[in-house]
Amino acid sequence: MKIVVCVKQVPDSAAKMTVENGQVSWGEAPLVINPWDEYAVEAALVQKEAHGGDVIAVSLGGESAKEALKHALAMGCSEAVLISDPALAGADSQAVAKALAAAIRKIGDVDLVTFGRQAIDGDMGVTAAQTARILGWPALTLVSRISQLDSSSRTIQVERSVEDGRQVVQGKLPAVISVVKDFGEPRYPSFMGIRKASRANIPTWGLGDLGLAAPVSVVSWPKVENPPAREIKTEIIAGSSAQEIAEQLADKLLAEKVL
Amino acid sequence: MDFELTDEHRMVQHMVREFAQREVAPVIKEYDRKQEMAPFVLDRMAELGILGICLPVRYGGQGMDYIALGLACEELEAVDTTLRVVMSVHVGLNSLGLLQWGTEEQKQRLLAPQARGDKIACFGLTEPGAGSDVAALQSRAVRQGDIYVLNGEKMWISLASKAHHALVVARTDPDAPDPHDGLSAFLVELDTPGVTTGDIHGKLGVRAGSTGWIAFQDTPVPLENRIGEEGEGFKIAMSCLDNGRYTVAAGATGLIRACLEASLRYAKDRHAFGREIGKFQLIQQKIAYMVQSYDAARLLYLRAGWMKNRGLRNTRETSLAKWFATDASFEAASQAIQIHGAYGYSDEYDVERYLRNAKGAIIYEGTSEIHQLMQAAYALEYRRDAPLRCELPPYDAATWQ
């Protein structure tokens, strides 16, 4: 079983996003592996443990994206590849999907590709589906469990977490899946994995290596803004007893139509 | 001079932080109130390899260096002191003692299961009547053929009731002209007949930790469990303390950081007189002192870790790091409470726990007073470290892994 997991380097989830002159900034926030992608790595590793084979982590980004790849290696991935090219700067999700699909083809004989459900910076959540479309493979999104994976009959069965419950979906391999939190807590990097990751020589593939012309982005962000600051009024309710305070509070909540 | 952590160090730091923040931080108050150790802590630390972090792979460890040990301790104590205490006794005071003084056979038989976390280890030096005055300890080990018969009581022992192994120092020669030379060290398996253990409750701090006593009544200890030669017990205990104190120094640094981070959050959140309290200079001064303490404590323990990696004797530097960081952590916690005002005085916030936890480390593994005497004695050249028969092995990635 050859599995590719696509990971992205994003600003830490605790970072505060600000918009200045239409430019998004996370300040000096540390960069981390996209938290959703840790579930994708976990899903890939669980399959590797069950069926044998390799998990190759792939990321697209600048040199700093190697940190996300190292995290994936430290969790237990066998190899990692960085896709990096100046022509990919500011690429939209479709352009990213084209590059990822080309890398997946270049890796060759891939049975399964896993993604996190979305990246916490752009929050598009479409790269998995777009990559599947370019590859011509089934896209099984929002997967909370891989209930069956059969490399001889080349089939996969998954459970999808949807708002009203769960769906069981079957597809053919090779397939692309996106993984949600219900899959189960991702493992921590192991010390052995950390050692391996810190010494790993991660190859960088440019567009030339992928045999791709610079993909054209078709989506842009003409306007980005923070939500308007909410005005919060604080009022302290005083009273001689808990009963009196509670009654006043209930009246106010009713008057404000909160209840 | 290179102040940068390696990728490996940063990943270790991140991994241990994730564990402590995700799994322990949400429940620590509950166990601190109950005065119980969270039942999953030792198993999880073992499973993740933290209990064998800096021990060679061939002895069941994870093959990281001594700096990684320090960084892990900093991260653990930034969440709760009790987590770091586990490292101090299991790794610092016991396992590193075996690595330094044990024979190859003892390392395979006794150290490897500890490094894997299959056996939990503690350290039995202190007695009801002997703390700083180590040479006054009363426990006796009498050789009878191929065994020693052990009698005595050890007190204030972290993990006493949880551990499987204890590194115990007892008197083998009551007639030695210098009482320090009459002591020997033993690795006692605590399921041996004649061993009883118990917990101590009602402590000021480290309430989510296990602190207790171990009593030995005619406990047979096989000759092959004596660590080092007869009469080397004091030297072995002191080298164990060099390693234990290192973990305490690193941990106390984490406690200072926790105080600082809590204070920064609160200073920006809490408003008084129409602005956030961080804008007031007297709050800023307290924060500035915490920043100063944190940076200084961190540099001191990292220097000691660097010396350990290189195989340089670090008794003085480790003592200095431990003395400084523990005193500074108590002061930082006290000032953090002051910044939090009345809220800091309740266990709704963490800072009161930080203060209670900080006090213990000013007493154990050398009181601050002992460390002051040591530092003065080094400066005055009254004290010099003689070479040891067995030195702590320097870190060497090739042999460690």
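Biologist: How do you know whether the crossing of α1(B) and α4(B) is left-handed or right-handed?
Modeller: A crossing is left-handed if the near helix is turned anticlockwise from the far one by less than a right angle, and right-handed if clockwise; the crossing of α1(B) and α4(B) is right-handed. This is a predicted model, in which local features need pLDDT of at least 70 and side-chain atom pairs count only at pLDDT 80 or more, while totals for chains, interfaces and linings use all residues. Residues are numbered from 1 along each chain as its sequence is written, with chains lettered from A and ligands numbered from 1 in the order in which they are written.

Biologist: Why are α1(B) and α4(B) called roughly parallel?
Modeller: The axes of α1 (residues 7-24) and α4 (residues 66-79) of chain B, being lines fitted to C-alpha atoms over the stretch in contact, with angles from 0 to 180 degrees between N-to-C directions, come within 9 Å and cross at roughly 25 degrees. Angles under 35 degrees count as roughly parallel, over 145 as roughly antiparallel, 65 to 115 as roughly perpendicular and the rest as oblique, and α1(B) and α4(B) are therefore roughly parallel.

Biologist: Which residues meet there?
Modeller: Among them are B:Val12, B:Val16 and B:Ala20 in α1(B), and B:Ala68, B:Leu71 and B:Leu76 in α4(B), where contact requires C-beta atoms, placed from the backbone, to lie within 7 Å. The contact has 10 nonpolar, 3 polar and 2 charged residues, with Ala, Val, Leu, Ile, Met, Phe, Trp, Tyr, Cys and Pro taken as nonpolar, Asp, Glu, Lys and Arg as charged, and the others, Gly among them, as polar.

Biologist: How are α9(B) and α10(B) oriented, roughly parallel or roughly antiparallel?
Modeller: The axes of α9 (residues 315-344) and α10 (residues 351-363) of chain B come within 8 Å and cross at roughly 160 degrees, and these two helices are therefore roughly antiparallel. Their crossing is left-handed. Among the residues making the contact are B:Phe330, B:Ala333 and B:Ile337 of α9(B), together with B:Tyr354, B:Leu355 and B:Ala358 of α10(B). By class, this contact divides into 10 nonpolar, 5 polar and 3 charged residues.

Biologist: What makes α2(A) largely enclosed by the rest of the structure?
Modeller: A residue is buried if 20 or more other C-beta atoms lie within 10 Å of its own, exposed if 12 or fewer, and partly exposed in between; 11 of the 11 residues of α2(A) are buried, so this helix is largely enclosed by the rest of the structure. The buried residues include A:Lys66, A:Glu67 and A:Lys70 as well as A:Leu69 and A:Leu73. Just after α2(A), A:Gly76 takes a positive phi of about 135 degrees.

Biologist: Which elements of chain A touch chain B?
Modeller: In total, 10 residues of chain A are in contact with 15 residues of chain B. The elements giving two or more residues to chain A's side are α2 (65-75) and α5 (191-199), and α5(A) supplies the largest share, 5 residues. That side of chain A divides into 6 nonpolar, 2 polar and 2 charged residues.

Biologist: How do you know that the radius of gyration of chain B agrees with a compact globule?
Modeller: Taken over C-alpha atoms, the radius is set against 2.2 Å times the number of residues to the power 0.38; for 401 residues that rule gives a value near 21 Å, and chain B has 21 Å, which agrees. Of those 401 residues, 54% count as buried.

How values were computed
Contact = placed C-beta atoms within 7 Å. Helix = DSSP H or I, 4+ residues; strand = E, 2+ residues; numbered from the N terminus.
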